[in-house]
Amino acid sequence: MIDKSTKRRRWVVKVGSSLLTANGRGLDQDIIAAWSAQIAALRNQNIEIVMVSSGAVAEGMVRLNWHKRPAALHELQAAAAVGQMGLIQAWESHFQRHKLHTAQILLTHDDLAHRQRYLNARSTLWTLLQLGVIPIVNENDTVATDEIKFGDNDTLAALVANLVEADLLVILTDQEGLFDRDPRKFPGAKLIPEVQAGDPQLEEWATGSPGELGRGGMLTKVRAAKRAAASGAATVIAAGRAPAVLQKLADEGRDARGRATQGAVAAREGLGTLLRPAQNRVVARKQWLASHLQVKGKVTLDAGATKVILEGGKSLLPVGVAAVEGNFQRGEVVACLGHDGKEIARGLVNYTADETRRIMRQPSTKILEILGYVDEPELIHRDNLVLI
C-alpha cells in the first residue's frame, strides 16, 4: 500500500484493548504472537514499526480481578500500573522469539505539546528505530490526569505518526473497517474501501459506541486519520484478527502502467478502509512548519550554508552559522537568514540560543567537547526545515 520506491518505510501500528485482551479475559498471547511474527516479517521488508498498544488498564483489571472498568481516576491509574507490567512483558517475550528488542515508551499530552519534550521524544524514538528496536508506546495512564491525558490511543497513535513522520498509520480493531452504517445494527451495511481523510461524511459514517474496555469508537479512529493526514500519513482501519493482515497491507497493488496504487490491496481483499491524506508527508510537514509556529529567533548563515540550504536540501549544521539573534529554546522555531540578510528558511532548532552561539562555526564533531553532550549533530534537521 506504500510506494516501494521509498528506501525505507515507517508504520505506526495501533492495537486496541478488545483485541489484545480477548474481550476482558486476559492478554491474548496467540494474537500477540501472530502480530509479532508479522511485524518481524515486515522488518525484513525494510519497514520500520512503532507499536501503539492499548491494554494496560484491561490487563490490570484481570490481574486485580475487577470485572467492571472503574470510573475513578486513581483506580484507573492503579489498574494501568499493574497491567503495564504484563503488557510489556508479553510484547517483549514474543518479539524476542524473532530476535527483536522492544522499548517501553509512555507519553502524556504534555510530552508532545511542549516543543522541547516533543523533540526529546522524537529523538528517542528515531534512535530506537535506527537501532532496530520496536518501540511499544502507550499513554502514561499512571500519571495522566483529565487535563493532560490523550483520552484514547487512536489519538495518541496519530500524534506518534506525526512525531516519527510515518508513512502509514494502521489501526487494528475488532471491526473489518469503516462502514456506511453500523454493521452491528444494519446487516446490509457496506464496507468503505477507500476515502480521503477529513471527508465531512466520515463522521456521519462513524457510528456506534466504543467497547466496554476501550475508550475509543470508530469516530475517534476517523478523527485520528484526519490528524495523521495533516502530517501526510495515510491511515488504514482494518480487522486485527484477519489472517496475515499486516503482511497483506504491505503488498502493493499496481495499475496497468505498473505504478503503485494505494488502497488497491485493501479494496481487492476487502481488507479494511484506507483513508488517504490530501498531501504527501513532506509537503504537509513543511506547510505546518511554515504557517503554524511563531519565530523565536534568527540565525545568519554563511555563503556556503546558504547555498547548501537553498540548492542542496540539506540540514543546517553549526559550522554554517555566522551569527545568532534572540533567546530561543530547544524545539522553538528560528528564522534562517542567508548571507545577504534575507530570510530563506525556518525550522525547529535542536539547541538553545546560548548553545548555538557556542557551537556556531564549529564542526559537529566538536559539539560534545564544547557543550559536554550531543543532542543532534544538526542545528536544524532538514525534516524540520522549510524554505521561505
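Which residues in H7 are buried? In this predicted model, Asn153, Asp154, Thr155, Leu156, Ala157, Ala158, Leu159, Val160, Ala161, Asn162 and Leu163 are buried in H7. Buried means under 20% relative accessible area, exposed means over 50%, and partly exposed lies in between (1.4 Å probe, protein chains only). The helix is mostly covered, with 11 of its 11 residues buried. Helices (H or I, at least four residues) and strands (E, at least two) are DSSP runs, numbered from the N terminus. Just after H7, Glu165 takes a positive phi of about 55 degrees.

The model is a predicted one, in which local features need pLDDT of at least 70 and side-chain atom pairs count only at pLDDT 80 or more, while totals for chains, interfaces and linings use all residues. Residues are numbered from 1 along each chain as its sequence is written, and side-chain values use heavy atoms, with hydrogens and water left out. The pLDDT is the predictor's confidence in each residue, from 0 to 100. Its average over the chain is 83, and 83% of the residues score at least 70. Over residues 1-6 the pLDDT is below 50, and this stretch has 22 contacts in the model beyond near neighbours in sequence. Residues 209-216 also have a pLDDT below 50, with 23 contacts beyond near neighbours in sequence. Contact here means heavy atoms within 4.5 Å.

The chain contains 15 helices and 13 strands. Of its 388 residues, 53% are buried. Among contacts with a separation of 6 or more, 72% are between residues 24 or more positions apart.

A nonpolar core is a set of buried Ala, Val, Leu, Ile, Met, Phe, Trp, Tyr and Cys residues joined through side-chain atoms within 4.5 Å. The largest such core has 44 residues, and those with the most contacts inside it are Val12, Leu107, Val137, Val160 and Val164. At least two residues of this core come from each of strand E2 (47-53), strand E3 (102-107), helix H6 (115-130), helix H7 (153-163), strand E5 (168-173), helix H8 (202-205) and helix H9 (218-229). Another core, of 38 residues, lies apart from it and includes Leu19, Phe95, Ala239 and Leu246. In soluble globular proteins, nonpolar side chains tend to be buried together.

Aromatic residues were examined next. Rings of Phe, Tyr and Trp (its six-membered ring) pair if their centres lie within 6.5 Å; planes under 30 degrees apart count as stacked, over 60 as edge-to-face and the rest as tilted. The count by this rule is 3 aromatic pairs. One of them is the stacked pair of Trp35 and Trp91, at 6.4 Å centre to centre and with 20 degrees between the planes. Trp35 lies in helix H2 (residues 29-43) and Trp91 in helix H4, so this pair ties together parts that are 56 residues apart in sequence. Trp35 is buried, with a relative accessible area of 1%, and Trp91 is buried at 0%. Trp91 also forms a stacked pair with Phe95, at 5.8 Å centre to centre and 20 degrees between the planes. Both Trp91 and Phe95 lie in helix H4, 4 residues apart, about one turn of the helix. Phe95 is buried, with a relative accessible area of 0%. Trp35, Trp91 and Phe95 form one aromatic cluster.

A charge sits over a ring if NZ of Lys or CZ of Arg is within 6 Å of the ring centre and within 35 degrees of the ring normal. Arg10 lies over the face of Trp126, at 4.4 Å from the ring centre. The charged end of Arg122 sits over the ring of Trp126 as well, 4.5 Å from its centre.

Gln84 lies in helix H4 and is buried, with a relative accessible area of 9%. Leaving aside neighbours within four places in sequence, Gln84 is in contact with Ala56, Gln104, Leu106 and Asn138. Gln96 lies in helix H4 (residues 73-96) and is partly exposed, with a relative accessible area of 35%.
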